[in-house]
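Colleague: I would like to learn how to read this model. Please take me through it step by step.

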Amino acid sequence: MKHGEKAAGRAKQLGVAVTNDNRKAVKGADIILLSVKPQAVTELLKEIAPEIGAKTLVVSVAASVPTSYLEQQLAAASGGEGNKVAVVRAMPNTPAAVGCGMTGICRGAHAGPADVEIARTMFDAVGRTVVVDEKNMDAVTGLSASGPAFAYIILESLAEAGVKVGLPRDVATLLAAQTMKGAASVVLETGEHPALLKDAVTTPAGCTIDGILELEDGKLRVTLIKAVVKATSRAGELLFEK
Ligand SMILES: NC(=O)c1ccc[n+]([C@@H]2O[C@H](COP(=O)([O-])OP(=O)(O)OC[C@H]3O[C@@H](n4cnc5c(N)ncnc54)[C@H](OP(=O)(O)O)[C@@H]3O)[C@@H](O)[C@H]2O)c1
């Protein structure tokens, strides 16, 4: 961590060793998990590079920072291009805090399958993990890392709708959240196409089709697609912004 007083508080709260001395933190470590903001990565790598050994695995969750950049910075800071550090890049999301995260990972040029498995095991502990090509990492950022914010807006809107049709807010929020969780669980557990599952709920001349017509009229689909496309392209711009 950067701030000493925060580090002390976190150490007490979690019962683990925490320090704001980065070189001390990584000295002798088999795995280093980098989780500073993208803009802080370059300085941090310069600081810790001398402590990184031949067998150290560096896992970075910094959005938009390519493995090639991490590798080059580490090699340069530790005295030469010959230093080939194993780097895995990961993009988790905030539901990891309750064990329901979604993480995309990709490997750098010097990381092997065993390194990917180590990273996968780390992120599987807090949800699900998918291995992708690095060219798709901005898309993972735009979909599953930004996605919880989009989902919260949909959830909040459904809850608001429940209030509009007469439900107490706490009941409406529970109905909305459990319904979204249930629908997502069915997709994950059955592997069925969402469109077929939607069709199964939609009785001819019933109430669901009237609701779907409103969604289509309001362009929900195209709006969500555009949100992910924008977030994905923004993910490609973050590294050197202050
Ligand atoms: N938020 C998300 O949903 C999400 C998802 C996927 C990936 N990420 C990535 O995760 C990273 C962290 O994001 P965040 O939202 O958690 O940021 P954050 O809340 O600002 O946390 C950054 C942490 O880095 C520490 N730090 C800053 N500069 C440091 C330095 N020079 N040396 C050591 N520690 C330093 C800070 O310590 P102090 O607390 O002492 O200041 C803080 O604990 C970013 O790269 C982001 O792209 C975020």
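Modeller: Helices (H or I, at least four residues) and strands (E, at least two) are DSSP runs, numbered from the N terminus. The model is predicted: local features need pLDDT of at least 70, side-chain atom pairs count only at pLDDT 80 or more, and totals for chains, interfaces and linings use all residues. Residues are numbered from 1 along each chain as its sequence is written.

Colleague: How many helices and strands does the protein have?

Modeller: There are 11 helices and 5 strands. The C-alpha atoms fill a box of roughly 70 × 40 × 35 Å along the principal axes.

Colleague: Which domains does the assignment give?

Modeller: Such bounds come from an automatic or database domain assignment. Here the assignment gives domain 1 (4–137) and domain 2 (147–235). Their centres, taken over C-alpha atoms, are separated by 34 Å.

Colleague: Now the sheet. In what order do the strands run?

Modeller: The general idea comes first. Strands of a sheet pair through backbone hydrogen bonds, either parallel or antiparallel. Two strands count as paired if DSSP finds at least two bridges between them. In this model, 5 strands form an open sheet in the order β1-β2-β3-β4-β5, with mixed pairing. The edge strands, β1 (31–34) and β5 (127–131), each pair on one side only. From one strand to the next, the twist averages 25 degrees.

Colleague: In which sense do β1 and β2 pair?

Modeller: β1 and β2 (residues 57–60) pair in the parallel sense, over 4 bridges. For instance, I32 has V58 in β2 as its bridge partner.

Colleague: Which helix packs on the sheet?

Modeller: Helix α5 (residues 113–124) does, touching β1, β2, β3 (86–91), β4 (101–107) and β5. Its direction makes about 170 degrees with that of β4. Axes are lines fitted to C-alpha atoms, for helices over the stretch in contact, and angles run from 0 to 180 degrees between N-to-C directions. Contact means that two C-beta atoms, placed from the backbone, lie within 7 Å.

Colleague: What should I make of a positive phi?

Modeller: Most residues other than glycine have a negative phi, and most peptide bonds are trans. S64 has a positive phi, near 75 degrees. S64 sits in the loop between β2 and α4 (67–77). K219 also has a positive phi, about 60 degrees. K219 lies in the loop between α10 (207–217) and α11 (220–235).

Colleague: Why is S64 classed as buried, and why is K219 classed as exposed?

Modeller: S64 is buried because 20 other C-beta atoms lie within 10 Å. K219 is exposed because it has 11 other C-beta atoms within 10 Å.

Colleague: Last, how many residues surround the ligand?

Modeller: A residue is near a molecule if its C-beta atom, placed from the backbone, lies within 6 Å of it. By that test 19 residues surround the ligand, and the closest are M1, K2, H3, A62 and A63.

Notes: Buried ≥ 20, exposed ≤ 12 C-beta atoms within 10 Å, placed from the backbone.
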